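Please look over the sequence and the model below before reading on. The text that comes after is meant to be read with the structure in view.

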Amino acid sequence: MDTKRYIAKHVIDLPRSGIRDFFEIVSKMKDVISLGIGEPDFDTPWHIREAAIYALEKGKTHYTSNLGLIELRRAISRYVEKNFSISYRPEDEILVTVGVSEALDIAFRALVNPGDKVMFHQPCYVSYHPSVTLTHGVAVPVPTFAKDNFALTAEALAAAWQPGAKILMLNLPCNPTGGTCNRAQLEAIAKFAVEKDLLVISDEIYSELTFEGEHVSIASLPGMQERTIFLHGFSKAFAMTGWRIGYACGPAPLIEAMMKVHQYSMMCASILSQEAAIEALLRGEEGMKTMREQYHRRRDLIVRRFNEIGLKCHLPRGSFYAFPSVEKSGMNEKDFALGLLQAERVAMVPGTAFGANGAGFCRACFATGYDQLIEASDRIDRYMQSLTSKR
Amino acid sequence: MSPIIKLLLEGGSLTTAQMGQVLNLSEAEVNRQLDQLKKDRVLLGWRPVLNLADEDAGVVRAVIEVRITPERGGGFNRLADRISRFEEVESCFLMSGGYDLLVFVGGSSLQKVAAFVSEKLSTIEGVLSTATHFLLRSYKEQGFLLDVKAEENNRLKVAP
């Protein structure tokens with residue numbers, strides 16, 4: 001009996017995740033220094049965990065409003081106003097979701113008609129392209145380049161644009177490249193979005209982890225709030241990846257549309273995660289800044305080492321990813337990553353796991369201890385030297 | 001706060017060579033800065049943080065609330081300094097509230113600590129009263145939890 005015949009065609013056609021394949025290999029090896037874990041190495045600060053424990057003690061185990069606890073939505077509204085200069089009404093412009101992943105999924109399900117074109121900059125987070133495919137949209141990747149430090153430029157957007165383009169997906173700062181856009185670059189993108197009447201979905205999950213300059217949200221620019229869905233969460237800034245809690249903010253009709261999907265598929269995000277999220281927003285700023293300072297130092301260390309080793313790497317202004325070029329090794333990114341893993345037991349994810357534009361690059365996550373970063377870079381150095389001596 | 005101090009406070013137990021790598025300084029420069037911090041009395045010294053919960057460790061600790069008479073021209077300083085110099089005194093703090101000095105004391109037995117309080121501490125001219133509290137059990141020492149079993153790192157090795 002061939003049970004696979006029951007699987008929907010568009011799911012069969014979904015390519016296997018490049019990360020998953022790499023993970024299968026790494027998980028079978030011992031004593032690997034992994035620079036491939038896209039989450040903070042910190043545990044969630046205790047006071048946030050304790051808030052969830054307290055909520056359990058108080059018997060908070062029931063469904064919440066589909067939109068999320070009103071106290072959390074109020075806290076989100078204040079937080080976004082203060083840190084992003086955008087005003088959203090807690091009552092009908094904010095939706096609490098099961099991670100930004102769910103927010104993205106329901107946004108696409110609420111907005112994408114079959115055949116609608118969705119633009120997104122690439123290399124990008126692994127779920128964007130599949131999310132478009134799953135909703136029967138058409139993915140329109142827009143390349144970003146090392147020469148621009150992987151910022152998205154209006155020129156690249158214009159070159160990639162196609163008639164029928166409906167949505168522009170942004171992730172700034174970007175996983176995997178660490179690229180982000182300054183105000184002027186965002187203004188150019190906003191101008192383009194308005195010209196072409198694009199709806200912007202902006203995933204700003206790494207925004208707090210901006211090390212130099214200001215983080216600007218495109219939704220805060222004139223004329224953009226009415227055509228932007230702002231996505232954010234707690235996973236990276238507050239080390240709450242496993243809690244699965246995030247939020248979407250946007251014009252009430254769009255939030256309502258997303259809520260229609262959410263109410264049937266999820267009902268509501270976990271009440272414990274929501275309670276913990278309130279604590280994070282009210283009292284988590286100090287802890288977040290401490291973590292950010294450490295990421296900053298780690299970034300400086302690993303990027304300097306990559307460049308010393310010969311793996312040209314731009315200094316990412318945000319996120320906790322470095323995206324070095326492996327060109328000097330003479331190998332492609334997959335062979336390099338596998339060779340490094342086998343020879344020196346260091347895991348970096350090949351850039352093509354994040355889209356075709358990732359060719360020639362690997363992603364290194366520096367959310368790990370200094371001693372690990374120092375040891376990993378020494379091992380990569382040895383590996384590079386072994387390659388050059390072979391030639 | 002100097003970058004070196006910030007790095008030390010992160011508690012990663014890095015070698016000076018590793019600190020140099022992180023801060024992009026030579027190891028010699030790290031050592032030079034550490035020496036300067038010691039000279040400036042910003043960095044006072046190093047002590048290991050130990051779990052002395054084992055009964056065989058032979059350490060009894062107490063916290064003593066001391067009320068003293070402040071002096072003209074010196075306040076509490078002269079007396080606090082004199083008390084602090086005792087070998088038994090681990091820490092000595094001037095506090096707000098119902099007493100003046102909070103003194104952390106260690107000794108090899110309850111009798112030894114009691115003797116220190118009654119014979120050495122209480123007898124100092126200017127000490128009005130003492131209230132001694134013996135430590136029964138420690139849960140956290142200088143930022144380290146005691147009762148934590150080393151958990152296996154169960155993070156995924158690769159994650160998007």
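Predicted model: local features only at pLDDT ≥ 70, side-chain atom pairs only at ≥ 80, totals over all residues.

Chain A is divided into domain 1, made of residues 3-44 together with 286-390, and domain 2, which covers 46-284. The centres of these two domains of chain A, taken over C-alpha atoms, are separated by 24 Å. Their contact takes 34 residues from domain 1 of chain A and 40 residues from domain 2 of chain A. On the domain 1 side of this contact, the elements of chain A that give two or more residues are α11 and β9 (321-322), and the largest share, seven residues, comes from α11(A). By class, that side of domain 1 of chain A holds 14 nonpolar, 14 polar and six charged residues.

Chain B is assigned a domain 1 at residues 3-39 and a domain 2 at residues 55-137, and the centres of these two domains of chain B, again taken over C-alpha atoms, are 34 Å apart. Where the two chains meet, 13 residues of chain B and 24 residues of chain A take part in the contact; the chain B side of it is made up of six nonpolar, four polar and three charged residues.

Which elements do the buried residues of helix α2(B) pack against? In this helix, which spans residues 16-23 of chain B, the buried positions are B:Gln18, B:Met19, B:Gln21, B:Val22 and B:Leu23. The buried residues of α2(B) pack against α11 (285-309) and α13 (370-390) of chain A, and also against α1 (3-9) and α3 (27-39) of chain B. The helix is followed by B:Asn24, whose phi is positive, near 60°.

Leaving aside residues up to four places away in sequence, A:Ala248 touches A:Leu95, A:Thr97, A:Ala103, A:Ala107, A:Ile229, A:Leu231, A:Ile255 and A:Met258.

Helix α4(A) is followed by A:Ser85, which lies in the loop between α4 and β2 of chain A and has a positive phi of about 60° although it is not a glycine. Is A:Ser85 buried or exposed? It counts as exposed, because it has 12 C-beta neighbours inside 10 Å. A:Ser319, in the loop between α11 and β9 of chain A, also is not a glycine and has a positive phi, of about 75°. A:Ser319 is buried, however, because 30 other C-beta atoms lie within 10 Å.

Two cis peptide bonds deserve a look in the loops of chain A. One joins A:Gln122 and A:Pro123, with omega about 5°, and A:Pro123 is placed in the loop between β3 (117-122) and α6 (128-134) of chain A. Another joins A:Leu172 and A:Pro173, with omega about -5°, and A:Pro173 is found in the loop between β5 (165-171) and α8 (183-195) of chain A.

A:Asp381 and A:Ile278 are 103 residues apart in sequence and 44 Å apart in space, C-alpha to C-alpha. A:Lys390 also lies in α13 of chain A, and with 7 C-beta neighbours inside 10 Å it counts as exposed. From A:Lys390 to A:Leu373 the separation is 17 residues in sequence and 26 Å in space, C-alpha to C-alpha.

Methods:
Residues numbered from 1 in each chain as written. Chains lettered and ligands numbered in written order. Buried ≥ 20, exposed ≤ 12 C-beta atoms within 10 Å, placed from the backbone. Helix = DSSP H or I, 4+ residues; strand = E, 2+ residues; numbered from the N terminus. Contact = placed C-beta atoms within 7 Å. Domains from an automatic or database assignment. Nonpolar A, V, L, I, M, F, W, Y, C, P; charged D, E, K, R; others polar.
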